[in-house]
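Good morning, and thank you for coming. Please look at the structure on the screen, and I shall then take you through several of its parts.

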Amino acid sequence: MPPAVAPARPLPVYFIGHAGVSLLFNDSPQNRIVQNNLRAIGEEIRNVTPRPKAILTFSGHFEAGEIHGPGVIEVNVKKGTYIQHDFVNDFHDTKPFVYEYEWPHQDAPELALDVWKHLVSQGIKAKRVERGVDHGVWVPFKLMFPPEAPLDIPVVQVSTFHGYDLESQIRLGEAVGSLRNSGFLIIASGMAVHSFASIGEIHAAPSEAARDAAREKVLTESRTFDTHLRAAVAQRSAAERKKALLELERLPEFRRSHPTVEHFTPLLVAAGAARDAQEGGKPLGVNVVEPGMSYLNVRWD
């Protein structure tokens, strides 16, 4: 690819549904759809012109440490970042090979330092940290940018805020939005619906009939929230989009879809970074909603 140049217009913003490590080995029809959606997005990003100088990532598995208190962001400035096998489940007995997964990539501490300085200039408390690449980034990126079509630009990782202040996440997105004009392509990785609690209710049901009823109930909740979320991200106006996204918290399906918010907040960052978009957020690929999970992908231009 040619060297990065300053774009004449802001580079796009993406939100991707990242799933867990089973995304890499599960051969179910639904999982193959999710894989193919991500591969298509990777191909789209490799063809973005002008070439970005870096990918700026936000992940559902990189939330600022609670120890810092509210209102603090972390920027990873480590040189030679490693892959974190930071899975929710213990796969040592069932799928030990997942701990051998790698994803070759580039980092750029000097660009991370630029991002940290930018955040501070925007009035955001930001701390420099050194850590690895969490699976919310490398698992989907392993599909999007495989060895035969690698990502040949560096990745810069920034956290979301710790806690439940959803509006602050949109403000974070607004603060980094101008970096799109200086060569940063933003990818926020989370899940539009992410509820292990709801999935647990299905598994805990006492009979097959009860499990079927619980599964249908959770699937309806997941689809309902996904539908409302799609309508919110489709708003072209930054102000209207922000209003619609924050109003989602009032829905009964919100807490059912996000008992904890760390997989929802990257979407809010992306929506804030999109600013006033030429078009509303465009869903990408085939829609996949399962009981307790939605793999929505969105692009803003």
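Let me begin with Leu-246. Apart from neighbours within four places in sequence, Leu-246 touches Leu-166, Glu-167 and Ile-170, where contact means heavy atoms within 4.5 Å. Leu-246 belongs to helix 7, residues 238–247. Helices here are DSSP runs of H or I with at least four residues, strands are runs of E with at least two, and both are numbered from the N terminus. With a relative accessible area of 23%, Leu-246 is partly exposed; buried means under 20%, exposed over 50%, and partly exposed in between, for a 1.4 Å probe and protein chains only. Between Leu-246 and Ala-232 there are 9.1 Å in space, C-alpha to C-alpha, and the two are 14 residues apart in sequence.

A word on the basis of these values. This is a predicted model, in which local features need pLDDT of at least 70 and side-chain atom pairs count only at pLDDT 80 or more, while totals for chains, interfaces and linings use all residues. Residues are numbered from 1 along each chain as its sequence is written, and side-chain values use heavy atoms, with hydrogens and water left out.

I turn to helix 2. Its 13 residues, 109–121, should span 18 Å at 1.5 Å a residue, and the end C-alpha atoms are 18 Å apart, which agrees; the expected span is 1.5 Å times one less than the number of residues. Which residues of helix 2 are buried? They are Leu-111, Ala-112, Val-115, Trp-116, His-118 and Leu-119. Viewed down the axis of helix 2, these buried residues fall within an arc of 160 degrees, so they line one face of the helix; the arc is taken from the directions from the helix axis to the C-beta atoms. In general, an α-helix has 3.6 residues a turn, so residues three or four places apart point the same way. The exposed residues Glu-110 and Ser-121 sit on the face of helix 2 turned away from its buried side. Among the elements covering the buried residues of helix 2 are strand 3 (72–76), strand 4 (125–129) and helix 4 (166–177). Just after helix 2, Gly-123 has a positive phi of about 85 degrees.

Helix 9, residues 265–274, is another case. Ten of its ten residues are buried, so helix 9 is largely enclosed by the rest of the structure. Arg-275 follows helix 9 and has a positive phi, near 55 degrees. Arg-275 lies in the loop between helix 9 and strand 8 (282–283) and, at 36% relative accessibility, counts as partly exposed.

Some further backbone features deserve mention. Most residues other than glycine have a negative phi, and most peptide bonds are trans. Ala-19, in the loop between strand 1 (13–17) and helix 1, has a positive phi near 60 degrees. Ala-19 is buried, at 14% relative accessible area. Thr-49 and Pro-50 are joined by a cis peptide bond, with omega about -5 degrees. Pro-50 is in the loop between helix 1 and strand 2.

What does helix 5 give to the lining of the largest pocket? Helix 5 provides four residues, the largest share. Of the residues in that lining, 14 are nonpolar, 13 polar and two charged; Ala, Val, Leu, Ile, Met, Phe, Trp, Tyr, Cys and Pro count as nonpolar, Asp, Glu, Lys and Arg as charged, and the others, Gly among them, as polar. A pocket is an open set of points on a 1 Å grid over the protein atoms alone, where a 1.4 Å probe fits, with protein on both sides within 12 Å along at least five of seven lines, and lining residues have an atom within 4 Å of a point.
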